[in-house]
Amino acid sequence: MQTLRYDIAAPRAAGGTRPIALVGVVASGNLEVLLERGGPADRCTIEIATTAQGFDDLWAAVTADVVAARGGGGLRIAINDGGARPDTVALRLAQGIRLIEEPVA
């Protein structure tokens, strides 16, 4: 198991007030993403647990692209990877940011 950590400059803070969000299911051969508030408003920290070795640059690129496009400042994100493709990673991160920004019902 490899753990990757990224601290990414975010163009804007995540909106909303929901404290946490969870999307995806790691057991599906996909990945799960847990998002929590608690970091600086201009940074997004991401920690990835994956068994896939040698994809550090790809993870860095995908996570940086999503944060640049969606914001995510003030979030701590934990990803448990089950072999997801890069497009699925981007989708789940975008879903998680959208969910944490939704109003709490």
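This report walks through the fold of one predicted protein model, from its overall layout to its sheet and helices.

## About the model

Because the model is predicted, local features need pLDDT of at least 70 and side-chain atom pairs count only at pLDDT 80 or more, while totals for chains, interfaces and linings use all residues. Residues are numbered from 1 along each chain as its sequence is written, and side-chain values use heavy atoms, with hydrogens and water left out.

## The overall layout

Let's begin with the whole chain. The protein chain has two helices and five strands, arranged along the sequence as β-β-β-β-α-β-α. Here helices (H or I, at least four residues) and strands (E, at least two) are DSSP runs, numbered from the N terminus.

The radius of gyration of the protein chain is 13 Å, close to the 13 Å from the globule rule for 105 residues, so the chain is as compact as a globular protein of that length. That radius is taken over C-alpha atoms, and the globule rule is 2.2 Å times the number of residues to the power 0.38. Along its principal axes, the C-alpha trace spans about 35 × 30 × 20 Å.

## The sheet

Now look for the sheet. Five strands build an open sheet with mixed pairing, in the order E1-E4-E5-E3-E2; two strands count as paired if DSSP finds at least two bridges between them. E1 and E2 (20–23) stand at the edges with a single partner strand each, so one side of each has no neighbour in the sheet. On average, neighbouring strands are turned by 15 degrees against each other, direction ignored.

You can follow the pairings across the sheet. E1 (residues 2–9) and E4 (residues 43–50) are antiparallel over eight bridges, and Tyr6 has Ile46 in E4 as its bridge partner. E4 runs parallel to E5 (residues 75–81), joined by six bridges, with Glu47 partnered by Ala78 in E5.

E3 (residues 31–37) pairs with E5 in the antiparallel sense over seven bridges, and Arg37 stands opposite Leu75 in E5. E2 and E3 are also antiparallel, over four bridges; Leu22 has Leu34 in E3 as its bridge partner.

## The helices

H2 lies across E2, E3 and E5, at about 35 degrees to E3. Contact means heavy atoms within 4.5 Å.

The two helices also meet each other. The axes of H1 (residues 56–70) and H2 (residues 86–101) come within 10 Å and cross at roughly 35 degrees. Axes are lines fitted to C-alpha atoms, for helices over the stretch in contact, and angles run from 0 to 180 degrees between N-to-C directions. Residues making this contact include Trp59 and Val62 of H1, and Leu93 and Ile97 of H2. The contact residues divide into 10 nonpolar, one polar and three charged, where Ala, Val, Leu, Ile, Met, Phe, Trp, Tyr, Cys and Pro count as nonpolar, Asp, Glu, Lys and Arg as charged, and the others, Gly among them, as polar.
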